[in-house]
Each structure stands twice: as C-alpha cells, then as structure tokens.
Amino acid sequence: SKVGAYQIKYSISNSTNVSVVKIRSVFITDNNVNVTFDKTTYTNQDVTINLSINDDYFDYLVLPNNTKVYKKNYSYKVSENGTYVFNTYNKINTGKTITVEIRNINKTNPTGSCSGSYKNGVSIINVSANDDIGVAKYVYGGISYTTNQIKINKEIKTANITIYDKAGNSKNISCSLKNRNDLEILNSITPGYNYKKKTKNVTLNYYISSTN
C-alpha cells in the first residue's frame, strides 16, 4: 500500500542444479493505480500488464489501443517491446496517466555451430554460439549444460545440440566429430618432408605440402 517501486524475486532449482529466477516488479503510485508486470526476465512470450485501480469514483480505463473498459482490475497483454500508456478517469472526469515500458521481450533465435573429436571412449563437443541477450544453456541427449564444452563418456561421430537463449528461444545445430587418433597422426607429419613407404614389390614416395 506504500507508494514506491518494489521487486519480488522467485527462484527454483531442479535435481540437476539448473536454476531459474523470475523477478516481478510492483509499482505503487500516488494516483491509486497499482501496476504489476514482469519487467526484468527475458521472455519470448507476451508480457501481461496488470492494473488495479483503488478509487471509489472510478469510471473507466482507456487502454493503449484506445479501447475503453469499465473494470477496476484489468490485465493487458503485449507482444512487442515499447511504451504503453493507460489513462484512468473518474466520475468527475479527472484523469490519470500511467506509462509502462516493456523491454524484455525477445523472439530472435540464437545462432551457432559445433565441432568435436573422440578418442578412448570419450567425446568432446565444442559449441560456438551467439545471441543478443545471452545463451542460457546447451542441450545434448536431453541433458542441459551451462558451458560450451560438452564431454560425453562414449565415442560418437555426430552430435545434435540445441542452443537456448535467456528468453527461451532455441536453435538446433549438428556437427561431425573427428577421431583424435587420426588428427594426432596428421599433426605429427612434418610439412615439406619426403616420406617413403616400402612394400614387397614397390617403393612409394610421398611429399607433404605445407599448404595441404
């Protein structure tokens, strides 16, 4: 009931210690209009602005789309970021203006790619992701990871990864993993050196170019 701006913080964690925090902002104004909405949590859904008018002489409320409503309690959904203006009027035709700023709606999917390798029963996947509001998690095989390097205790040749941003938008990517034994052999070859392989009947000469 006291005039001011307040925040209510909710948090929850699951059995794998993945946590989600939601913050609801509450504004108590001196014009007897209470406004609540989720201001700080990124979302790819509509944001609901809740208005509660405490005025015995209340007559009607004008919504941002210029619609008149005659309810003291009203919920208004918005699907885009922007400035939304509400006007209340009482029976003696005195008006109040309430301005609400919405900046936490994001519907853009993240982008990214991945690469990896496997050896001795272990696979390592490295994910490179980009998003304008930040990456929240990477999901492989139904398991969530908060780091962009994923370790799998088995050898796999392909991987499908889902990238999630902080608003819940997602992007599916796939990559092929390379055998680290083969990579180590390639890395051990000296560019510019002539290698000879002897067989029973013929000698084959190989030249490894530094550009190949």
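Predicted model: local features only at pLDDT ≥ 70, side-chain atom pairs only at ≥ 80, totals over all residues.
Figure 1. The chain forms one helix and 18 strands. Among contacts with a separation of 6 or more, 44% are made by residues 24 or more positions apart.

**Figure 2. The open sheet of four strands.** The strand order in this sheet is β6-β5-β8-β9, and the pairing is antiparallel. Its edges are formed by β6 (68-69) and β9 (95-102), each of which pairs on one side only. Strand β5 (residues 58-62) is joined to β6 by two bridges, and Leu61 is found opposite Val69 of β6. Between β5 and β8 there are four bridges, again with the strands running antiparallel; here Phe58 faces Asn90 of β8. The pairing of β8 with β9 rests on eight bridges, and Val85 has Thr99 of β9 as its bridge partner. In a regular strand, side chains alternate between the two faces of the sheet.

Figure 3. Because its relative accessible area is 65%, Asn66 is classed as exposed.

**Figure 4. The largest nonpolar core.** This core comprises 19 residues, and those with the most contacts inside it are Val35, Ile49, Val78, Phe86, Val100 and Ile102. Two or more residues each are contributed by β3 (33-37), β4 (47-53), β5, β7 (73-78), β8 (82-90) and β9. The largest share, four residues, belongs to β4. Apart from this core lies another, of 16 residues, which includes Ile125, Tyr138, Tyr145 and Ile173. In soluble globular proteins, nonpolar side chains tend to be buried together.

**Figure 5. The surroundings of Phe86.** Neighbours within four places in sequence are left aside in this view. The contacts of Phe86 then include Ile49 and Leu51, as well as Leu61, Val62, Leu63 and Pro64. Further contacts of Phe86 are made with Tyr76, Lys96, Thr97, Ile98 and Val100. Phe86, Ile49 and Val100 are also among the residues with the most contacts inside the largest nonpolar core.

Figure 6. Nine bridges connect strand β10 (residues 111-119) with strand β11 (residues 122-130) in the antiparallel sense. Within this pair, Ser117 is placed opposite Ile124 of β11. The two strands make a hairpin with two residues between them, and Asn120 in the turn shows a positive phi of about 55 degrees. β11 is also joined to strand β14 (residues 149-152), by four bridges and in an antiparallel arrangement. Ile124 stands opposite Lys151 of β14.

Figure 7. Arg103 counts as exposed because its relative accessibility is 51%, and exposed denotes over 50%. Residues up to four places away in sequence not counted, Arg103 touches Tyr42, Asn81, Gly82 and Thr83. Arg103 and Lys39 are 64 residues apart along the chain, while their C-alpha atoms are separated by 7.4 Å.

**Figure 8. The largest pocket and its lining.** The largest pocket holds about 450 Å³ of space. Its lining has 19 residues, of which Ser19, Val20, Ala136, Asp165 and Lys166 are the closest to the centre. At least two lining residues each come from β2 (19-28), β12 (135-140), β13 (143-145) and β15 (158-165). The largest share, five residues, is supplied by β2. By residue type, the lining consists of nine nonpolar, six polar and four charged residues.

Figure 9. Asn17 belongs to the loop between β1 (4-13) and β2. Its phi is positive, at about 65 degrees, although Asn17 is not a glycine. With a relative accessible area of 68%, Asn17 is exposed.

Key:
Residues numbered from 1 in each chain as written. Heavy atoms only, no water. 1 Å grid on protein atoms, 1.4 Å probe; cavity = no way out; pocket = protein on both sides within 12 Å on 5 of 7 lines; lining within 4 Å. Points joined across faces, edges and corners; volume = space filled by probe spheres on them. Nonpolar A, V, L, I, M, F, W, Y, C, P; charged D, E, K, R; others polar. Pairing = 2+ DSSP bridges. Core = buried A, V, L, I, M, F, W, Y, C linked by side-chain atoms within 4.5 Å. Buried < 20%, exposed > 50% of the residue type's maximum accessible area, 1.4 Å probe, protein only. Contact = heavy atoms within 4.5 Å.
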